[in-house]
Amino acid sequence: MVNIFVAKTTQEADLIIGMLKNNGIYAEKEGIAGSPSMDWYMGSSVYCQDIFVDERDEEKALELVSAFFSK
């Protein structure tokens, strides 16, 4: 798995992962700092979230994320 993007919030990460999934790319997120239990307690993460995809999907995922944030 390779890191393709750093989302600012859990919600942003979930949107990106959903968009990738809709385009046939499996993705995972991982918090950069803090405990995952804080996400549950606070309702969202105040920490950035790394988004990872399989190395074989890296190029396509980067294109999709770039198009997603180009506007």
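The legends below describe close-up views of a predicted model of a protein chain.

**View 1. Overall arrangement of the predicted chain.** The protein chain contains 3 helices and 3 strands, and these follow one another along the sequence in the pattern β-α-β-α-β-α. Of the 71 residues in the chain, 30% are buried, and the accessible surface comes to about 4,900 Å², with 54% of that surface belonging to carbon and sulfur atoms. Among the contacts with a separation of 6 or more, 70% are between residues 24 or more positions apart.

View 2. The 3 strands are arranged in the order β1-β3-β2 as an open sheet with antiparallel pairing. Because β1 and β2 (27-31) each have a single partner strand, they stand at the edges, and one side of each is left without a neighbour in the sheet. From one strand to the next, the twist averages 30 degrees. In general, the strands of a sheet pair through backbone hydrogen bonds, in either a parallel or an antiparallel manner.

**View 3. The pairing of β2 with β3.** These two strands run antiparallel and are joined by 5 bridges, and within this pairing glutamate 28 has phenylalanine 52 of β3 as its bridge partner.

**View 4. The largest nonpolar core.** This core has 15 residues, of which Ile4, Leu20, Ile51 and Val53 have the most contacts inside it. At least two core residues are supplied by each of β1 (2-7), α1 (10-22), β3 (49-53) and α3 (58-68), while the largest share, 5 residues, comes from α1.

**View 5. The surroundings of isoleucine 51.** When its neighbours within four places in sequence are left aside, the residues in contact with isoleucine 51 include Val2, Asn3, Ile4, Phe5 and Ala7. Further contacts of isoleucine 51 are made with Ala13, Ile16, Ile17 and Leu20, as well as with Ala27 and Glu28.

**View 6. Helix α3 against the sheet.** Helix α3 lies across β1 and β3, and its direction is at about 15 degrees to that of β1. Its buried residues are Ala61, Leu64 and Val65, and because these cover an arc of only 95 degrees around the axis, they are on the same side of α3. In an α-helix there are 3.6 residues a turn, so residues three or four places apart point the same way. The elements that cover the buried residues of α3 include β1, α1 and β3, whereas the face of α3 turned away from its buried side carries the exposed residues Glu59 and Glu63.

How values were computed. Residues numbered from 1 in each chain as written. Predicted model: local features only at pLDDT ≥ 70, side-chain atom pairs only at ≥ 80, totals over all residues. Heavy atoms only, no water. Core = buried A, V, L, I, M, F, W, Y, C linked by side-chain atoms within 4.5 Å. Buried < 20%, exposed > 50% of the residue type's maximum accessible area, 1.4 Å probe, protein only. Helix = DSSP H or I, 4+ residues; strand = E, 2+ residues; numbered from the N terminus. Contact = heavy atoms within 4.5 Å. Pairing = 2+ DSSP bridges. Axes fitted to C-alpha atoms, helices over the stretch in contact; angles between N-to-C directions. Arc of directions from axis to C-beta. Areas by Shrake-Rupley, 256 points an atom, 1.4 Å probe, with all protein chains shown as cover.
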